[in-house]
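Biologist: Please put the structure up on the screen. I would like to go through it in short steps.

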Amino acid sequence: MIHHDILIVGSGVMGVALADSLNPKDFSIGIVESNSHASFSKRHLSINKKSLSFLKKLGVWEEISPNAFPYEKIKVWEQEGSGYIEFDANEARLNPLGHIVSEGNIQKNLLESLEKKEISFYWDNKLEEINRNDEKITCKTSNNELSCNILIGCDGINSAVRGLGKFKSRSWSYNQTALVANLKSSSTDSTIRQTFTKIGPLALLPINDSELTMIWSIDDKSAYIFLQKEKKEFIAEINNHFGETFNDLVFSTEIQHFPLNHLSAKTFAKNGIFLIGDAAHQIHPLAGLGLNAGLGDVKCLSEAINEFGKLELKKITEVYNRKRIPVNLALAASMEAFKRGFEAENIWIRFLRNSAFNITNNSDFLKKKFMEIATEL
Ligand SMILES: Cc1cc2nc3c(=O)[nH]c(=O)nc-3n(C[C@H](O)[C@H](O)[C@H](O)COP(=O)(O)OP(=O)(O)OC[C@H]3O[C@@H](n4cnc5c(N)ncnc54)[C@H](O)[C@@H]3O)c2cc1C
């Protein structure tokens, strides 16, 4: 049986970022991945200032930045009321507000940087069983038996580490599917726009001078109907909901679809087993913060492990739970309030919502607070 000090399950952004941020001279590190080779996400997403600094520290930002698009404004409004809110980089004294990047590109660059380090990869190894005794944790995968002192689940929303490690969690389906695709347009700018349509939030994020990425989180029933639509018909729907903000929209990629769920593990670490990123928490993509929150977990856990070493499990567990559970709980709660407030049909809730939005839009203090939460996860 091969032994590693640290075994990471999952080679998504969290798994490779974590391996990159641990000190390879101090630990023997293995990565277990069920896919037979690296598979890169095709999504574009927004990253905040803190994630950018972390990627810089890991030495990969220079390679990512030529294809990262800085954005300076966020405009959010609703279709059926007067609610409107705008965040401006100059007002927030934070220019740019963030960057839109390809998730796959982050993953690819982190993986390339791992090639220079001594990390063992176990591709085509699906984690199937975990056993623990006083000294170590043993893991059965579809092709191997491995053991470790620290086991870290970076294995996404359906985390086997979370299930086999018997972590309790709360989860539910949003009954929405995110339809994601890129579109060409002759009139893009550096603003993220999001409108709350009757069937769900529709966001258009600029990814370069002539392209946008669409994330439309649509009620499951309507999403199925939308997926059957001709491309021209689909674009007419986008224009209808957006008020024809963009000229000449044409799809430049196929439409991908993702079921949307909420998940919060009750604890993120116990008995030498840790959960990171979507394995520990998943939120609605309307605020574009899931990956940022996950990178916050990676930074916190890697700093604790690098500082205390593999034998101080109690201390690492305490620090990680204490620092990351409250941040992620607060984020999940504010996202839920935001989403439920927008979906409410009740006229009083709608009135309050519009008023709250407009008060926030006119209050520099509240806007600054929002920006702090979004940029300092
Ligand atoms: C539509 C959409 C838009 C989003 N937009 C944004 C945004 O703008 N900004 C933002 O910050 N976040 C955004 N997010 C969230 C972000 O994409 C996720 O938080 C992030 O991808 C999670 O990465 P991860 O590494 O935790 O999990 P994953 O990417 O799911 O990686 C998990 C890995 O584990 C492997 N694995 C799974 N099970 C096993 C097993 N049993 N054994 C071995 N390996 C296994 C998988 O094959 C995979 O490689 C968005 C999400 C969605 C759905």
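Biologist: Let us begin with Glu307. Is Glu307 buried or exposed?

Modeller: This is a predicted model. Glu307 has 12 C-beta neighbours inside 10 Å. A residue with 12 or fewer is called exposed. So Glu307 counts as exposed.

Biologist: Which helix does Glu307 lie in, and how far is its C-alpha atom from that of Asn23?

Modeller: Glu307 lies in helix α8. Glu307 and Asn23 are 284 residues apart along the chain.

Biologist: Let us look at the whole chain. How many helices and strands does the chain have?

Modeller: The chain has 377 residues, and 41% of them are buried. Take the contacts between residues at least 6 apart in sequence: 74% join residues at least 24 apart. As for elements, the count is 11 helices and 20 strands.

Biologist: Now the packing of helices. Are α1 and α8 roughly parallel or oblique to each other?

Modeller: Two packed helices are described by the angle between their axes and the distance between the axes. Helix α1 covers residues 13–21, and helix α8 covers residues 290–308. Their axes come within 9 Å and cross at roughly 30 degrees. Angles under 35 degrees count as roughly parallel, so α1 and α8 are roughly parallel.

Biologist: Which hand does the crossing of α1 and α8 have, and which residues of α1 make the contact?

Modeller: The crossing is right-handed. From α8, the contact uses Leu291, Gly294, Leu295, Val298, Lys299, Leu301 and Ser302. By class, the residues of this contact are eight nonpolar, three polar and one charged. On the α1 side, the residues are Val13, Met14, Ala17, Leu18 and Ser21.

Biologist: Which hand does the crossing of α2 and α8 have, and which residues of α2 take part in the contact?

Modeller: The crossing is left-handed. α8 brings Asn292, Leu295, Gly296 and Lys299 to the contact. The classes are two nonpolar, three polar and two charged residues. α2 brings Lys50, Ser51 and Phe54.

Biologist: Back to α1. Which hand does the crossing of α1 and α4 have?

Modeller: Helix α4 covers residues 103–114, and its axis is 9 Å from that of α1, at an angle of about 35 degrees. Val13, Val16, Ala17, Ala19 and Asp20 in α1 meet residues of α4, including Glu103, Ile106 and Leu110. The residues of the contact divide into eight nonpolar, two polar and two charged. The crossing of α1 and α4 is left-handed.

Biologist: Take Gly277. Is Gly277 buried or exposed?

Modeller: Gly277 sits in the loop between β19 and β20. Beyond its neighbours within four places in sequence, Gly277 is in contact with Met14, Cys154, Gly294 and Asp297. Around Gly277, 28 other C-beta atoms lie within 10 Å. The cut-off is 20 or more, so Gly277 is buried.

Biologist: What is the phi of Asp124?

Modeller: Most residues other than glycine have a negative phi. Asp124 lies in the loop between β8 and β9. Asp124 is partly exposed, with 15 other C-beta atoms within 10 Å. Asp124 is not a glycine, yet its phi is positive, at about 60 degrees.

Biologist: And Lys166: is Lys166 buried or exposed?

Modeller: Lys166 is in the loop between α5 and β12. Its phi is also positive, near 55 degrees. Lys166 has 10 other C-beta atoms within 10 Å. With 12 or fewer as the cut-off, Lys166 is exposed.

Definitions and conventions:
Residues are numbered from 1 along each chain as its sequence is written. This is a predicted model: local features need pLDDT of at least 70, side-chain atom pairs count only at pLDDT 80 or more; totals for chains, interfaces and linings use all residues. Axes are lines fitted to C-alpha atoms, for helices over the stretch in contact, and angles run from 0 to 180 degrees between N-to-C directions. Helices (H or I, at least four residues) and strands (E, at least two) are DSSP runs, numbered from the N terminus. Angles under 35 degrees count as roughly parallel, over 145 as roughly antiparallel, 65 to 115 as roughly perpendicular and the rest as oblique. A crossing is left-handed if the near helix is turned anticlockwise from the far one by less than a right angle, and right-handed if clockwise. Two residues are in contact if their C-beta atoms, placed from the backbone, lie within 7 Å. Ala, Val, Leu, Ile, Met, Phe, Trp, Tyr, Cys and Pro count as nonpolar, Asp, Glu, Lys and Arg as charged, and the others, Gly among them, as polar.
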